Amino acid sequence: MPFFAVMAKPVGPLCNLSCSYCYYKEKVSLYPDVSTFVMPDTVLESFISQYFSLNGSNGADFSWQGGEPLLLGLDFFEKVIRLEKRYARGRRFSNTIQTNGTLINDNWCEFFTRNKILVGLSIDGPPDLHDLYRRDNQNNPTAHTVIAAAALLSRHGVEFNTLTTISNANAKRPLETYAFLKEISQGFIQFIPLVERIPGPEAQSLGLSLDIPPGGGGDYGIEVTPWSVSPEDFGTFYTTIFDEWVRHDVGTVFVQLFDVTLANHLGAPPVVCYYSPDCGQAGVLEHNGDMYACDHFVYPATKLGNIMTTDMETMLTGERQKAFGLAKSLALPTCCTTCDVLFACHGECPKNRFAWTPDGEPGLNYLCAGYKHFFRHSGEAMQRMAQLLRSRQPASLIMDGNHTS
């Protein structure tokens with residue numbers, strides 16, 4: 001049986017920040033009659049029980065996101081741990097919490113340490129870059145609080161990685177951003193490209209994008225928000241950091257895209273859905289038990305059902321979800337199917353496939369030019385690292401030899 005992942009959003013879209021680029025806060029419009037976005041105990045217990053059943057002997061890796069999940073408080077997550085221990089029945093389980101870091105204190109750190117919880121910390125680079133788009137609900141800067149949270153996590157021995165959006169701003173300062181993240185992190189760095197389309201008048205009248213999924217056509221052009229990264233800056237951002245990493249940091253700093261690209265050069269299964277041939281094995285659970293096809297596709301059209309009336313296995317293995325996952329490869333433009341770097345990107349996320357090919361075919365990834373630049377630029381060094389690993393040598397040996405990138 002294939003492994004399925006479910007991202008749980010126990011506090012829905014509620015957050016104590018008001019990030020300019022947040023795509024999830026608008027999801028409150030999906031629940032116009034809801035005043036309190038808190039996962040009820042009945043839904044929580046059903047989710048934990050079903051999630052263990054879904055993955056059988058594989059155990060369960062729980063991922064808690066939002067909004068800001070720490071708004072629920074320690075008591076909620078202590079309850080999570082008790083329920084996981086009850087339903088594990090000897091199987092392994094783990095927890096990851098993605099947070100903006102502003103609520104982290106010693107009590108939270110003690111809880112994370114005691115329960116071996118991996119923390120994902122959202123931070124967009126040096127303070128001026130972070131505070132440009134990540135401010136609180138009173139429009140106050142938050143960088144100083146998040147940097148303090150990173151130090152507190154390290155002091156308590158909590159494992160954490162950093163999650164950074166690549167925006168129009170930090171994309172122009174790649175080495176400064178990378179050096180800052182290395183300084184405050186434990187060496188595990190994830191980047192997510194910031195790409196948001198601007199809906200036309202009809203879509204805006206429907207409540208932004210709620211009725212028109214990304215990549216689904218409708219009243220959208222290819223104009224993007226001012227904070228979105230351009231394909232050119234995106235590619236340069238990654239190649240600049242890669243050149244620094246491959247000379248100095250292989251084996252000590254782990255950048256998610258570099259790891260995934262190396263895995264694709266080795267022919268290993270990608271661990272990130274963005275760079276997999278198909279998707280559909282990572283659903284999203286809302287606070288009330290509603291299940292959606294994907295974190296980036298939380299729309300009425302992609303709602304699979306509710307776990308209180310239909311079990312998760314039925315929804316995630318059903319024909320609708322299978323069709324959603326297979327559409328990623330089936331909808332590739334012709335030029336993608338013959339591209340020399342298709343093995344590395346597989347068209348990336350369908351949410352970003354809203355551009356047109358030079359031949360006028362729809363469905364090209366907006367970031368295509370940037371990805372091509374990075375994958376081709378890094379190709380020779382990636383192949384050399386793959387050769388080292390195949391010969392049972394560490395990839396870090398590339399830093400000792402002659403290589404070109």
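The buried residues of helix H8 (residues 231-248) are covered by elements that include strand S5 (160-166), helix H6 (174-184), strand S6 (188-193), S9, helix H9 (256-266) and helix H14 (368-390), where contact denotes heavy atoms within 4.5 Å. Helices (H or I, at least four residues) and strands (E, at least two) are DSSP runs numbered from the N terminus. The model is predicted, with pLDDT of at least 70 required for local features and 80 or more for side-chain atom pairs, whereas totals for chains, interfaces and linings use all residues. Residues are numbered from 1 along each chain as its sequence is written, and side-chain values use heavy atoms, with hydrogens and water left out.

Among the buried residues of H8 are Phe234, Phe237, Tyr238, Phe242 and Trp245 (buried, under 20% relative accessible area; exposed, over 50%; partly exposed, in between; 1.4 Å probe, protein chains only). The 18 residues of H8 reach 26 Å from first to last C-alpha, close to the expected 26 Å, a span defined as 1.5 Å times one less than the number of residues.

An open sheet of mixed pairing comprises 10 strands in the order S9-S6-S5-S4-S3-S2-S1-S10-S11-S12. Strands S9 (254-255) and S12 (303-306) each have a single partner strand, so one side of each edge strand lacks a neighbour in the sheet. Pairing requires at least two DSSP bridges between two strands. S1 and strand S10 (residues 282-285) run parallel and are joined by four bridges, and Met7 has Val284 in S10 as its bridge partner.

Val28 lies in the loop between strand S1 (5-8) and helix H1 (41-55), and counts as partly exposed because its relative accessibility is 33%.
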